Structure formats: C-alpha cells, structure tokens
Amino acid sequence: MTQIDFHTNVPDKLLYTCRLIRKALNDGWQVVVFCGDDGELGKLDQVMWTFSEQDFLPHVRAEDPLAASTPVVLTASDEAALPHHRLLVNLATVSPANFARFERLIEVVSTDQNEVALGRERYAYYRQRGYPLKHYSRSANEQPVT
C-alpha cells in the first residue's frame, strides 16, 4: 500500500520540491512529479535547472523518449505513461489518478489558504481509504530539506 506523506506550510513549493528530488536521487530513488497544469510544470522545469550550482537534477517530461532512462519525470497529465513507480511528488491541488501504483506519495502543500483547504480534503480522502499517512509541517524557523 502506498505510504503518503504530507509536507505542509511550504513557502516555496518549487524550491522545496527540488530539495526533495535531490534527497531522493541521493538515496537512489526514481521520481515522478505531478503538477496541476503545464504552466506550473514549465516553472518547475526552469527552477530545476537553476536552483543549485552544485547539483544537477536530470529530468524530462513524461512524453520524452528518454523518460524511461531519466531518474526524474515531470507530468501534468493523469493520462501520461510513467516509467517509474517508486516516488510520486504531487504539486497539484487534486490527487493524481494513479497514485496507488507508487510505493510512496509526497503531497506538497503551500501556505496558500485555498491549497491548505484542498490539501485537507486530500488528506481525508486518503485516510478514509486506509492509506498510511504522515504529516510534516514546516515552521517559519525550520531549515529546508537538504
């Protein structure tokens, strides 16, 4: 059964996601990132290229021919064929349709009140279905994921 972690109170979702990806890659994991739309996907793509001078986050979009051989795959489509099923990072305000195929799902929720409300709905949805849940709330003085 998919382990689901909620990371909430995140001031900058894209930068935070890059740090999560870096940690996952250092641990040998393959990652799929689900975004709410193509605009957010494009912003994440840009941030991944520039967030750190010391780190390279190899990534492609799900439709790219190199997706199967690239450790990080980005998508904004629930219909995309995904080559990896270990870790799914959700930046969207809805649950990804195929989240149960993954070993682990990380829901990243910003400080925006609308996102917080929708995050609570997703949390309740997963809890009602019996998924194991963990919650990590960022505080203002907390150091980011490294």
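Please bear in mind that the structure before you is a predicted model.

By that definition, the largest nonpolar core contains 23 residues. Those with the most contacts inside it are Val-31, Val-33, Leu-44, Met-48, Leu-91 and Val-108. At least two residues of this core come from each of α1 (13–26), β2 (31–34), α2, β4 (72–75), β5 (87–90) and β6 (104–110). Helix α1 provides the largest share, with 6 residues.

Val-108 deserves a moment. Beyond residues up to four places away in sequence, its contacts include Tyr-16, Thr-17 and Leu-20, as well as Val-89, Asn-90 and Leu-91. There is also a second, separate core of 18 residues, with Ile-4, Ala-62, Ala-67 and Val-116 among them.

I turn now to Asp-45, which lies in helix α2, spanning residues 38–50. Asp-45 is buried yet has no salt bridge. Why is there none? A salt bridge requires a side-chain nitrogen of Lys or Arg within 4 Å of a carboxyl oxygen, and the nearest side chain of opposite charge, that of Arg-61, is 4.3 Å away. The Asp-45 side chain does make a polar contact, at 3.3 Å, with the side chain of Trp-49. Further along the sequence, past four places, Asp-45 is in contact with His-59, Arg-61 and Leu-74.

Finally, the cysteines. The structure holds 0 disulfides. For Cys-18, the nearest cysteine sulfur is that of Cys-35, 10 Å away. Cys-18 counts as buried, at 0% relative accessibility, and Cys-35 is likewise buried, with a relative accessible area of 0%.

Key. Residues are numbered from 1 along each chain as its sequence is written. This is a predicted model: local features need pLDDT of at least 70, side-chain atom pairs count only at pLDDT 80 or more; totals for chains, interfaces and linings use all residues. Side-chain values use heavy atoms; hydrogens and water are left out. Helices (H or I, at least four residues) and strands (E, at least two) are DSSP runs, numbered from the N terminus. Buried means under 20% relative accessible area, exposed over 50%, partly exposed in between (1.4 Å probe, protein chains only). Lys and Arg count as positive and Asp and Glu as negative; His and the chain ends are not counted. A polar contact is a pair of N or O atoms within 3.5 Å; within protein, one must be able to donate a hydrogen and the other to accept it, and residues adjacent in sequence count only if both atoms are side-chain atoms. Contact means heavy atoms within 4.5 Å. A nonpolar core is a set of buried Ala, Val, Leu, Ile, Met, Phe, Trp, Tyr and Cys residues joined through side-chain atoms within 4.5 Å. A disulfide is a pair of cysteine sulfur atoms within 2.5 Å.
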